[in-house]
Amino acid sequence: MHCSYSVFLQIPYAKSETHLLELFETICSNMDDYALYVDPETQKKTYMRFAPRDSEKLGSVDFKNFKFDPENSKSLKFVCESILEEYEEEIISLFAHEADHVADKLCNEKSEICDLSRQTPRSDL
């Protein structure tokens with residue numbers, strides 16, 4: 001006699017592959033909320049969010065040290081899309097296994113995007 005059964009695991013929607021793939025479709029459009037920021041003391045340049053989130057007030061952002069350039073926004077969006085495409089499986093795996101510090105693990109362990117020990121920065125970023 002042959003006996004078979006299936007086990008179904010219930011995965012929370014927020015951590016499901018379906019939900020993550022849906023987020024992948026729109027997440028890079030949020031790059032329009034970031035601009036080049038120049039620290040007034042160190043002159044260090046970084047990309048920072050300037051657009052307030054739903055719970056934040058517009059007045060909480062000091063715009064004088066931001067450099068707004070549509071080309072930078074396009075480049076940032078392109079890099080975001082490239083990273084998502086290249087590391088889609090790793091991102092899904094990290095979220096599916098409830099990894100702590102997902103961004104750090106993706107950045108430093110699964111890819112070498114943020115490896116500070118490298119002598120030269122990645123040219124595609």
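Author: From the N terminus on, the elements of the chain follow the order α-β-β-β-α-α, which amounts to three helices and three strands. The model is a predicted one, and the description below should be read accordingly.

Some figures for the whole chain provide the setting. Of its 125 residues, 23% are buried. The chain exposes about 10200 Å², and carbon and sulfur atoms supply 53% of that area. Where contacts link residues at least 6 apart in sequence, 48% of them join residues at least 24 apart.

The largest pocket itself has a volume of about 1100 Å³. Its lining comprises 33 residues, and those closest to the centre of the pocket are Met31, Val79, Cys80, Ile83 and Ile113. Classified by residue type, the lining of this pocket holds 22 nonpolar residues, together with six charged and five polar ones.

As to the elements involved, four of them each supply at least two residues of the lining: the helices α1 (17-26), α2 (70-96) and α3 (102-110), and the strand β2 (45-49). Among the contributors, α2 gives the most, with eight residues of the lining. Val79, Cys80 and Ile83, which are among the residues closest to the pocket centre, fall within the range 70-96 of α2.

In summary, the largest pocket is lined by 33 residues, of which 22 are nonpolar, and α2 is the element that gives the most to this lining.

Methods: Residues are numbered from 1 along each chain as its sequence is written. This is a predicted model: local features need pLDDT of at least 70, side-chain atom pairs count only at pLDDT 80 or more; totals for chains, interfaces and linings use all residues. Side-chain values use heavy atoms; hydrogens and water are left out. On a 1 Å grid over the protein atoms alone, a cavity is a set of points where a 1.4 Å probe fits but cannot get out, and a pocket is an open set with protein on both sides within 12 Å along at least five of seven lines; lining residues have an atom within 4 Å of a point. Grid points are joined across faces, edges and corners, and a volume is the space filled by probe spheres set on the points. Helices (H or I, at least four residues) and strands (E, at least two) are DSSP runs, numbered from the N terminus. Ala, Val, Leu, Ile, Met, Phe, Trp, Tyr, Cys and Pro count as nonpolar, Asp, Glu, Lys and Arg as charged, and the others, Gly among them, as polar. Buried means under 20% relative accessible area, exposed over 50%, partly exposed in between (1.4 Å probe, protein chains only). Contact means heavy atoms within 4.5 Å. Accessible areas come from the Shrake-Rupley method with a 1.4 Å probe; for residues, only the protein chains shown count as cover.
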